[in-house]
Amino acid sequence: MELRELRYFLAVAQKGNITKAAESLYIAQPSLSKQMQNLEKEIGRPLFVRGSRTIVLTETGQLLKKRAEEMLELYEKTEAEIAAPPGEARGEVRIGGGESYALLSVAQAARAVQGDHPAVKFNFFSGDSADVIEKLDKGLLDFGVLIDRTDLSEYVTMRLPACDVWGVLVRRDSPLARYESVSAEQLRSAPLIVSRQSRRKGSQLCEWFGGDMGHLNIRAEYNLIYNATLLVRAGMGCAVTIDKLINTSDSDLCFRPLHPKLETRLDMAWKKHAVFSRPAQIFLEYMRRGAGFGAGRE
């Protein structure tokens with residue numbers, strides 16, 4: 001299976017049509033059709049369900065699409081690192097992390113790197129810890145910023161100086177808005193909107209609620225907080241989230257911290273024995289210079 005074949009396959013998968021994919025690739029349609037047939041023979045299973053005008057990926061095709069995207073992304077990352085002149089700070093640093101105001105320290109380090117090395121670029125990926133760990137393990141990220149992750153034994157880590165404070169995002173006309181903070185008892189019957197990661201057993205939030213969130217009135221789950229704010233505004237419930245992600249000044253929403261206070265620490269992690277590009281090495285040096293950073297754990 002060649003990289004060219006994977007690129008052709010992804011074009012077909014994205015366009016959903018052989019003719020349109022061939023046009024985007026500047027090759028003849030019969031030639032592209034033949035290559036896709038050969039790819040299916042090589043794999044031994046059909047990749048497409050062919051209709052009169054569109055094609056749909058089979059389960060095998062969906063898996064190949066995911067893996068092809070990962071392989072091409074890693075290839076392009078490796079190609080760019082190898083092409084950079086030895087010792088020259090030129091290239092890309094890839095960082096993944098969840099939504100958190102505590103990432104400000106990472107952003108400040110990135111800005112400082114670019115101030116001294118303008119040819120260094122940064123690629124930020126937003127996702128929960130599971131998404132970040134998957135990309136980190138596959139080499140698609142240089143660094144991952146992990147929230148509420150207890151087992152970090154497989155990585156080298158650096159504790160970030162800031163922490164996140166948990167609370168609820170509510171409409172200003174909500175009864176909960178009258179309080180300076182809210183307790184677990186007040187939230188037991190309230191309609192809640194929670195993140196999928198915080199709901200899992202063993203998470204800090206789950207432990208704060210007594211180790212089980214199954215008895216709560218959870219109306220919806222979210223991945224990104226902006227979408228959750230729309231649900232709050234629509235009156236679906238209050239979003240359990242961390243502070244400083246949404247600017248509530250002059251807004252119809254307000255943030256109320258949990259009581260007793262719940263804080264989450266963040267760690268920047270990277271693979272043990274990682275071989276860094278020159279830009280990634282420089283970024284790590286700038287991070288280690290940051291005042292108040294915790295020591296890395298080998």
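A nonpolar core is a set of buried Ala, Val, Leu, Ile, Met, Phe, Trp, Tyr and Cys residues joined through side-chain atoms within 4.5 Å. Keep that idea in mind as you look through these views of a predicted model.

**View 1. The largest nonpolar core has 27 residues.** Look for F143, M268 and F283, the members that touch the most others in this core. Two or more residues come from each of strand 3, helix 5 (104-116), strand 4, strand 5, strand 6, strand 11 and helix 10 (278-289). Helix 10 gives the largest share, six residues. In soluble globular proteins, nonpolar side chains tend to be buried together.

**View 2. F283 and its contacts.** Setting aside neighbours within four places in sequence, F283 is in contact with V93, I95, V106, A109, A110, V113, F122, F143 and M268. Elsewhere there is a second, separate core of 24 residues, with L176, F209, M213 and C254 among them.

**View 3. The buried side of helix 6.** Which residues of helix 6 (residues 129-137) are buried? They are S129, V132, I133, K135 and L136. Because these residues cover an arc of only 165° around the axis, they lie on the same side of helix 6. They pack against helix 4 (59-83), strand 3 (91-97), strand 4 (120-126), strand 5 (143-147), strand 6 (155-171) and strand 11 (263-271).

**View 4. The two ends of helix 6.** At the start of helix 6, find D128: one of its side-chain oxygens comes to within 3.2 Å of the backbone nitrogen of A130. Now move along to G139, which follows helix 6 and has a positive phi, near 80°.

How values were computed: Residues are numbered from 1 along each chain as its sequence is written. This is a predicted model: local features need pLDDT of at least 70, side-chain atom pairs count only at pLDDT 80 or more; totals for chains, interfaces and linings use all residues. Side-chain values use heavy atoms; hydrogens and water are left out. Buried means under 20% relative accessible area, exposed over 50%, partly exposed in between (1.4 Å probe, protein chains only). Helices (H or I, at least four residues) and strands (E, at least two) are DSSP runs, numbered from the N terminus. The arc is that of the directions from the helix axis to the C-beta atoms. Contact means heavy atoms within 4.5 Å. A polar contact is a pair of N or O atoms within 3.5 Å; within protein, one must be able to donate a hydrogen and the other to accept it, and residues adjacent in sequence count only if both atoms are side-chain atoms.
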